[in-house]
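Please find my notes on this model below. They go point by point and can be checked against the coordinates.

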Amino acid sequence: MPYDFNLKTENNHLIIGDLDANQLAEEYKTPLYVIDEEKVRNNYNKLFNAFNSKYDDVHMCYAAKANTSLAVLKILEDEGSYIDAVSPGEIYTALLVGFSPDRIMFTGNNVTTEELEYAHKSGVTINLDSISALERLSTIEGTEGKEISIRVNPMVEAGHHEHCITGGPKSKFGIREDEAVEVYQKAIDLGFKPIGMHSHIGSEILESEPFMLAVETMMNIAGKVHKEVGIDFKFLDFGGGFGIPYEPTEDELNLETFTKDIINLFKSKLEEYNMGSPSFYVEPGRFLVGNSEVLLTRVNTIKESYRKFAGVDCGFGTLQRPTMYGSYHHIVVANKMDEEAVEEIDIAGNLCESGDLFARDRPMPKLEEGDLLAILNAGAYAYSMSSQYNSRPRPAEILVNKKDVDVIRRREEFSDLFAGQSIPTRLLK
Ligand SMILES: *Cc1c(COP(=O)(O)O)cnc(C)c1O
């Protein structure tokens, strides 16, 4: 059975929450991002409960970079989530939304000393990615005795694309396994109190194997550091990467087995190394928001050139993943949900770039100008990666909860294209 993406339909139409996608597109215009609040809440609770039913002390740090909409952050704040912030901008945003500093973990990469200082002053937990950052943090006033965490790079790689692999020998993240003891000792010598260890091996993981391997590797490193440096870990953070099906041929992660295997391994390693019962942290991004949002875009041009194209009213500035990673996004026709695929067609964006395609040779129902397409799984690494390239203002984003609708990002206007710019007066003579 192909994966059906849990879509709701009524009278040939796609339903989001309790609302017809076609009516939403009429009212709020296209292109339009539509996020379903219930799905975000459900995803959070599903994953949290799967872990928490097997280990008492679980924290989920939502990886904010997946979707930084304030409303999404607020929903997850309300659910009790913590935040994985990768930049001062994300720290600022999370604080603004109401996350207390102790619920924010800062895991930067190639951070400046100013950024470390900002994170320190904000009172968030700092997870260091290099010896350089560790040394520079120690030069900042008031960091004596500070609790810190260190990111290690277990020699495990996983991910749907080379760009998403964040562990293993080629990755720029974290410190090496073999220097962990030395680095934790150095942290102590610099006056810090190391309390955490972190790893994040990659994204879009749909099987337990690579994740298990990473947990095992990191637990062995943590065990060694505990034994040889005498660190009592308050938390061990295994990062994110939990995948969702993008293609109908993929299956959902089997949460029950996946979480059981991980927690069992975690517990047995804690016992093996006599490490007590530290908090178990994970940092899901995609899993919490990926399937909660669709991008609605209207077909405006059907063209029979050397190939057949359906041209739509947005491009890779609005959703980059297909162009950037070659990612598959399933596309349905929101006004023809019951119709079978009858032709293979390219779905092309509206930017002047030949790589601006959402799909090649995609089996679709008979497409006509005016049809409304819904690009699925557009909740993670979608709006947060958008740009105004080709001087196309970004679309609006609306939040649906059953029959309620709110605009959570207004559609940009032309004036947003040059916000912050100026022409030097000497050029205006
Ligand atoms: C991006 C990122 C995540 C989230 O990855 P997902 O694949 O979206 O779950 C978690 N931790 C860190 C450090 C990250 O950079």
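1. N377 is found in the loop between strands β19 (372-375) and β20 (396-401); helices (H or I, at least four residues) and strands (E, at least two) are DSSP runs, numbered from the N terminus. Although N377 is not a glycine, its phi is positive, about 55°. Most residues other than glycine have a negative phi, and most peptide bonds are trans. The model is predicted, so local features need pLDDT of at least 70 and side-chain atom pairs count only at pLDDT 80 or more, while totals for chains, interfaces and linings use all residues. Residues are numbered from 1 along each chain as its sequence is written, and side-chain values use heavy atoms, with hydrogens and water left out.

2. A cis peptide bond links T30 to P31, with omega near -5°. P31 lies in the loop between α1 (21-28) and β4.

3. The domain assignment of the protein chain gives domain 1 (8-36 + 290-418) and domain 2 (107-288); such bounds come from an automatic or database domain assignment. The C-alpha centres of domain 1 and domain 2 lie 35 Å apart. In contact (heavy atoms within 4.5 Å) are 12 residues of domain 1 and 11 residues of domain 2.

4. How much area is buried between domain 1 and domain 2? The value is about 1000 Å², of which carbon and sulfur atoms give 55%; buried area is the accessible area (1.4 Å probe) that two parts lose on being put together, summed over both. Y325, Y328 and N377 supply 46% of the area that domain 1 buries against domain 2, more than any other three residues.

5. A salt bridge is taken as a side-chain nitrogen of Lys or Arg within 4 Å of a carboxyl oxygen of Asp or Glu. Across the interface of domain 1 and domain 2 the rule finds 0 salt bridges, whereas a search of the whole structure finds 27. One of them pairs K8 with D18, with the closest N and O atoms 3.3 Å apart. K8 lies in strand β1 (residues 8-10) and D18 in the loop between β2 (13-16) and β3 (19-20), so the pair ties together parts that are 10 residues apart in sequence.

6. The second largest pocket has a volume of about 580 Å³. On a 1 Å grid over the protein atoms alone, a pocket is an open set of points with protein on both sides within 12 Å along at least five of seven lines, a cavity is a set where a 1.4 Å probe fits but cannot get out, and lining residues have an atom within 4 Å of a point. Grid points are joined across faces, edges and corners, and a volume is the space filled by probe spheres set on the points. Of the 29 lining residues of the second largest pocket, F5, N6, K39, N291 and S292 are the closest to its centre. The largest share of this lining, 5 residues, comes from α2. Domain 1 and domain 2 both give residues to the lining, so the second largest pocket lies between them.

7. The count comes to 1 cavity of 30 Å³ or more. The largest cavity has a volume of about 40 Å³, and its lining residues include F106, V111, L116 and D129. Strand β8 (residues 125-128) gives the most to this lining, with 3 residues.
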